[in-house]
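Dear colleague,

Please find below the structure that I am handing over to you. My findings follow directly after it.

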Amino acid sequence: MSASLEQQIGAVQLRLAQHQAMAVSHASATRQLLREKLSSPLVLLAAAAAGFAIYRFNPLRRAKPDASMKSAGAAATWTQLLDALPLVTALVSLLPTLNKKS
């Protein structure tokens, strides 16, 4: 191998290492930001309110299911929860954080 090619390979390896270090740094910062936002009292209150609302307006909780309907009811409940997740996520993103750093 020529010295020029080895230098180019070394430069590419250095850039890859720098990009990897930046990606790890960004991931860590994002993880910390999410941890701060999701642990604020407003977010926890919104999540609790959403849970109570889903329970309150769930039509399946009024019916007394027999043993064969329990698994279908559980599946329907999970489906409703997963359907409500984008709404809850949108609401959480609109809430200001109390832990906001200046």
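Of the 102 residues of the chain, what percentage count as buried? The figure is 6%. Please note that the model is predicted.

Overall architecture

The chain contains 3 helices and 0 strands, and its elements follow the order α-α-α from the N terminus on. Its accessible surface amounts to about 8,500 Å², and carbon and sulfur atoms account for 68% of that area.

Confidence

The mean pLDDT of the chain is 77, with 76% of the residues at 70 or more. Among the elements, helix α1, which spans residues 3–38, has the highest mean pLDDT, at 89. The lowest, 72, belongs to helix α3, residues 67–94.

Leu38

Leu38 lies in helix α1. Is this residue buried, partly exposed or exposed? Leu38 counts as partly exposed because its relative accessibility is 48%, a value between the cut-offs of 20% and 50%. When neighbours within four places in sequence are set aside, Leu38 is in contact with Val43, Leu44 and Val92. Leu38 and Ser93 are separated by 55 residues in sequence, while their C-alpha atoms are 9.7 Å apart in space.

Leu94 belongs to helix α3. Its relative accessibility is 67%, so Leu94 counts as exposed, the cut-off for that class being over 50%. Together with Leu87 and Leu91, Leu94 makes a nonpolar surface patch of about 330 Å².

Yours sincerely

Conventions:
Residues numbered from 1 in each chain as written. Predicted model: local features only at pLDDT ≥ 70, side-chain atom pairs only at ≥ 80, totals over all residues. Heavy atoms only, no water. pLDDT = per-residue confidence, 0-100. Helix = DSSP H or I, 4+ residues; strand = E, 2+ residues; numbered from the N terminus. Patch = residues over 30% accessible without salt bridge, like charges linked within 9 Å, V, L, I, M, F, W, Y side chains within 5 Å. Areas by Shrake-Rupley, 256 points an atom, 1.4 Å probe, with all protein chains shown as cover. Salt bridge = Lys/Arg side-chain N within 4 Å of Asp/Glu carboxyl O. Buried < 20%, exposed > 50% of the residue type's maximum accessible area, 1.4 Å probe, protein only. Contact = heavy atoms within 4.5 Å.
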